[in-house]
Structures are given as structure tokens and as C-alpha cells.
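The following note sets out numbered points on a two-chain structure for a colleague's review. Please read each point beside the sequence and the coordinates.

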Amino acid sequence: MEPLTQPNEKTIATTRPKIFEVTNLNVYYPDFRAIRDVSLNVAANEITAFIGPSGCGKTTMLRSFNRMNDLIPTAKITGTLLYRGADLYNKTVDPVEVRRRIGMVFQKPNPFPKSIYDNVAYGPRISGKVKKGTEMDDLVESSLRKAALWEEVKDRLKSSALGMSGGQQQRLCIARAIATNPDVVLMDEPCSALDPIATGKIEELMTQLKKEYTILIVTHNMQQAARVSDRTAFFSVEVEEEHDSRTGVLVEEGPTEKIFSNPNDQRTENYITGRFG
Amino acid sequence: MTEPLRSTFDEELEAIKSGILIMSNMVVETIPKGTEALLEGNLTTAQEIIEADDELDALSVSLEDRCYQILTLQQPLAGDLRAVMGALWMNNEIERAGDLMTNIAKATRRIFPEKIPEVVSSLIQNMSNEAQRLLNLSSESYLQGDSGLAAALDDIDDRLDDLNVETVEAIFEKHNDKNLTLNVAVQLALICRYYERIGDHAVNIGERVRYIVDGWTAERTGAARLTDRQKNK
């Protein structure tokens with residue numbers, strides 16, 4: 001396969017290159033199919049929101065982008081998922097390298113029980129690409145600055161991350177994710193445990209970060225999807241009668257403004273207007 | 001996936017729709033009444049119409065408040081958002097149409113006690129009928145969510161536009177023949193313009209119906225023309 005290019009070398013985009021090209025992606029768990037025949041493109045430096053009811057496969061979809069589903073031994077994937085033109089699921093691709101380039105921020109802030117500094121330095125240290133001392137200090141500072149957290153924590157970098165507020169912890173997790181110099185940041189309901197002020201900070205941060213990164217976010221908060229994303233993908237659940245099982249499908253994907261003002265599909269309309277649950 | 005939710009919200013949206021239809025019907029009923037007052041020189045009816053416009057204004061204000069309330073509290077999206085935004089715009093169109101009937105009632109007072117020549121009054125009656133028909137059709141298209149009918153209003157309005165030209169010509173012929181004073185001729189020409197404007201408001205309501213039903217916006221046509229012109233430069 002062709003080598004994965006270094007992140008951000010080619011993303012100063014005037015034409016918005018495609019970061020992901022998903023074609024007929026299916027994810028199977030042992031007893032059911034989580035998502036069926038999803039096809040979708042994601043362009044660089046855009047925020048794409050995945051919305052849909054519980055069980056629609058949006059988190060499975062998100063996890064497919066950095067091969068987190070590999071961690072479930074019984075999960076099976078068919079179809080293709082290209083990352084910058086290269087097959088992400090090719091056997092020669094190292095999932096750990098994938099996860100470095102395609103970072104993830106989870107629903108609940110999950111800082112390590114270490115100092116603020118060590119949380120951010122953790123990834124770069126493991127990769128061995130950054131030297132201790134000034135180089136690491138600079139990286140920690142720039143990551144915390146990008147995560148809009150530096151001013152709040154610069155005087156207590158050695159104190160435990162667990163002493164921070166929830167919103168700060170989540171921004172620390174974002175700083176930790178971007179410290180490894182990723183290309184893409186996946187966010188799985190990053191604000192669902194946060195109050196409106198902390199949520200506002202994360203949303204503001206996302207619009208800053210998209211200048212450098214491509215962001216995919218799963219959210220249950222439709223106003224959030226509307227506020228931050230450039231494009232929105234709506235997933236829904238379909239019941240397969242013959243197997244008596246549920247599967248997630250991509251109903252439609254388009255510019256966020258269009259999806260929230262005049263969606264093409266009645267199922268999207270029903271969901272975003274809160275008519276059917 | 002089939003259990004309907006947000007029934008209270010649905011009731012509020014229905015209330016807004018009813019409010020628009022009530023206002024529109026008020027103007028639809030005022031049109032023949034105002035025309036009769038004009039053509040018969042009935043100042044009592046003219047005064048009633050002027051006062052009734054305050055009721056329309058009050059309804060319009062409360063409907064506008066209601067729309068703001070829904071926007072704030074329910075944060076409607078997609079079809080719901082278009083329904084509320086469309087109602088806000090239509091509210092304005094109907095309120096303006098009501099004002100035009102008030103203008104006609106006021107002109108009735110200015111014309112009194114002069115008589116309107118037969119040929120002119122019959123043309124004005126035709127204009128009144130057309131304006132009423134257009135506004136009625138715009139209401140119908142809103143009630144039924146009929147974007148086809150809504151889109152047809154622009155063409156249907158051509159008849160009223162032609163009548164306007166014809167009536168104004170007849171008015172100035174009568175003036176030239178010394179059968180109408182300049183003051184009355186000008187008042188009558190303005191009245192023609194008022195009926196013609198009611199037709200335009202009906203066409204605008206049709207455009208809002210199309211926005212609500214299909215998400216179509218009139219401004220896009222103009223914006224597309226601009227883009228074309230800029231391309232061709």
C-alpha cells in the first residue's frame with residue numbers, strides 16, 4: 001500500500017482534500033449488524049457531526065475511523081474505508097499508528113491519574129519522537145494553548161489532573177489528543193457531561209481546532225451539531241424483520257444548514273423536529 | 001419509531017396557523033365591504049373599517065409575540081422552523097394588506113360627496129373582486145399546504161395588474177372629459193394602486209407558503225440572476 005502521508009503537510013487546503021472515503025461500510029458484531037452499507041466522504045478541516053437516535057450506529061461509525069472496533073475481537077468489518085486514499089483496514093497498517101494520527105476524545109473526561117503535564121506528555125513520550133526537557137515543555141505548552149487551557153493551568157502543571165473541573169478535564173483530554181500531532185480528532189459526545197459554559201468553551205475550541213485538524217463529532221445535542229458543524233450526517237435505526245434485529249443506516253448527509261432547515265428525508269425531519277423517538 | 005411526540009408544540013404551531021388564517025379572512029371580508037363603502041360613499045362603513053384595522057393590528061402583534069415565544073422556548077428546526085418563520089413573514093403581509101383597505105376607507109372620506117363614474121366604479125369592483133380572490137387563494141394554499149397553487153398566484157395576479165392599468169386609464173379619461181376633479185382622479189388612481197398592492201401581498205404570501213412547504217425562497221431567483229450577470233461580465 002502507499003504510505004500514509006504525514007499529517008498536516010497537505011492539509012493547508014484551498015480545495016479541501018478528502019480525508020476519509022467510506023464505501024459500503026458494514027460493521028458486524030456477533031449477533032447483529034451495527035451499521036449497514038454506509039458511504040460517506042469527509043473533507044479536510046471540516047467539522048462533521050453524526051446525529052441520530054440511540055442504537056443508530058453513529059458511535060460505531062466514529063470508532064471505525066480509528067479502528068477502535070478492532071479492540072472488540074468479534075467485530076467484523078466489510079466495505080472500504082480510505083484514509084487519505086489509503087485503505088485504513090489493510091493488514092499492513094498499524095492500528096496504533098492509526099490511532100496516533102486519528103485521535104479520540106470520549107464522552108466522559110478520562111484524564112490519567114497523573115499530573116496535568118504528564119497527561120499531555122504521555123503520548124509523545126510513548127512515541128519516543130519528542131525529547132525530554134525544553135522540546136517536551138514546548139509541546140505541552142502549545143498543546144494546552146491550542147486546547148484553550150494554558151492560562152488556567154500554567155502555574156500548576158505538576159498538580160493532579162483529577163483536581164480539575166469536568167470542563168477543564170475534557171479540554172485536557174483534547175490537549176492530550178492533539179499533543180501527538182494528529183490529523184483528525186474524533187469526539188464522542190464530548191460535552192454531554194459538561195455544563196453550558198464548559199460546553200461553550202469546547203465548542204469555541206472546536207471551531208479554532210478545525211483550522212488545523214479535521215473533526216468528527218457524535219452528539220445527541222442537535223443545537224450543538226447545528227452550532228459547530230459544517231456537515232451533518234443523520235443515522236437511523238432500521239429493524240430487520242426476518243432476523244428480528246436492529247441495524248444502523250446513514251439516512252442522509254449534507255451541509256448542516258440544509259439538514260437543519262430543509263432535510264431531504266422525512267426520517268431526518270421527524271428526528272430533528274423531535275416528532276418521533 | 002412511530003410514537004408522536006411534542007403534542008403541546010404541535011398545538012402551538014396549529015394555533016399560529018389558525019391565527020394567520022383568521023387574520024387573512026378578516027382582510028378577505030373587509031375587501032368587499034370597503035369597496036361597497038367606496039362606491040356608495042358610505043362614510044359610516046368606511047369609519048368601521050378604519051377602526052377594525054386596530055383589531056387586525058392587535059392580532060398581528062400577539063401572533064408575532066407568539067412566534068418569538070416558540071422560537072425561544074421550542075427552538076424549532078426544519079419544517080417547524082420554516083412554519084414559524086413563514087408565519088412571521090405572512091403576518092406582516094396580511095397586516096399590510098389590511099392597512100391598504102384602511103387607506104381605501106380614508107380615501108372614501110376624501111372623495112365624498114363626489115360620485116364615481118359608472119365605468120370607473122365597475123372597473124374598481126372588478127379590481128376588488130380580483131384582490132379578494134387572490135388573497136383568498138393565498139389563504140387556501142396555506143391551509144392546504146398547496147405549493148402548486150401558491151406558485152400559480154404570481155400568474156393569477158397578472159389579471160389584477162392589467163385591470164389596474166385599464167382602470168387608471170379610464171380614470172384619467174374621465175378627468176380629461178371634465179367628469180372628474182383632479183383631486184378625485186388622484187384619489188381613485190391611488191385606490192387602484194392599493195388594490196393592486198393587495199394582490200402583490202397575496203403573491204408574497206404564496207412565496208412564503210412555498211418556503212414553508214418546499215423550503216423555496218423567492219430571493220434565490222434574484223440572487224441567481226445577479227450571479228448570472230456577474231458571470232457574463
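1. In which helix of chain B is Ala78(B) found? Ala78(B) is found in helix α3 of chain B; helices (H or I, at least four residues) and strands (E, at least two) are DSSP runs, numbered from the N terminus. Phi of Ala78(B) is near 50°, a positive value in a residue other than glycine. The residue is buried, with 21 other C-beta atoms within 10 Å. A residue counts as buried if 20 or more other C-beta atoms lie within 10 Å of its own, as exposed if 12 or fewer do, and as partly exposed in between, with C-beta atoms placed from the backbone.

2. Conventions. This is a predicted model, in which local features need pLDDT of at least 70 and side-chain atom pairs count only at pLDDT 80 or more, while totals for chains, interfaces and linings use all residues. Residues are numbered from 1 along each chain as its sequence is written, and chains are lettered from A and ligands numbered from 1 in the order in which they are written.

3. Chain B as a whole. Chain B has 7 helices and 0 strands, and its pattern along the sequence is α-α-α-α-α-α-α. Its C-alpha atoms fill a box of roughly 75 × 50 × 25 Å, taken along the principal axes. Of the 233 residues in chain B, 42% are buried. Among contacts in chain B with a separation of 6 or more, 83% are between residues 24 or more positions apart; two residues are in contact if their C-beta atoms, placed from the backbone, lie within 7 Å.

4. Packing of α2(B) and α3(B). Helix α2 (residues 43-74) of chain B and α3(B) pack at an angle of about 165°, with their axes 9 Å apart. Axes are lines fitted to C-alpha atoms, for helices over the stretch in contact, and angles run from 0 to 180 degrees between N-to-C directions. The angle makes α2(B) roughly antiparallel to α3(B); angles under 35 degrees count as roughly parallel, over 145 as roughly antiparallel, 65 to 115 as roughly perpendicular and the rest as oblique. The contact of α2(B) with α3(B) has 14 nonpolar, 5 polar and 7 charged residues. In this classification Ala, Val, Leu, Ile, Met, Phe, Trp, Tyr, Cys and Pro count as nonpolar, Asp, Glu, Lys and Arg as charged, and the others, Gly among them, as polar.

5. Packing of α4(B) and α6(B). The axes of helix α4 (residues 118-144) of chain B and helix α6 (residues 182-214) of chain B come within 9 Å and cross at roughly 15°. The two helices are therefore roughly parallel to each other. Residues of α4(B) in this contact include Val120(B), Ile124(B), Met127(B) and Leu134(B), and those of α6(B) include Leu188(B), Ile191(B), Tyr195(B) and Val209(B). By class, the contact of α4(B) with α6(B) comprises 16 nonpolar, 5 polar and 1 charged residues.

6. A cis peptide. The bond that joins Phe112(B) and Pro113(B) is a cis peptide bond, with omega about 5°. Pro113(B) is placed in the loop between α3 and α4 of chain B.

7. Asp37(A). This residue is in strand β2 (residues 32-43) of chain A. Asp37(A) is partly exposed, with 14 other C-beta atoms within 10 Å.

8. The nonpolar core. The largest nonpolar core has 130 residues, of which Phe50(A), Ala175(A), Val185(A), Leu186(A), Ile215(A) and Leu216(A) touch the most other members. Helix α3 (residues 78-111) of chain B gives the most to this core, with 14 residues. Such a core is a set of buried Ala, Val, Leu, Ile, Met, Phe, Trp, Tyr and Cys residues joined through C-beta atoms within 7 Å. Leaving aside neighbours within four places in sequence, the contacts of Val185(A) include Gly103(A), Leu209(A) and Ile215(A).

9. Gln170(A). Gln170(A) is in helix α6 (residues 166-179) of chain A and is buried, with 30 other C-beta atoms within 10 Å. Beyond its neighbours within four places in sequence, Gln170(A) is in contact with Pro109(A), Pro190(A), Leu194(A) and Ile202(A). The C-alpha atoms of Gln170(A) and Leu194(A), 24 residues apart along the chain, are separated by 8.6 Å.
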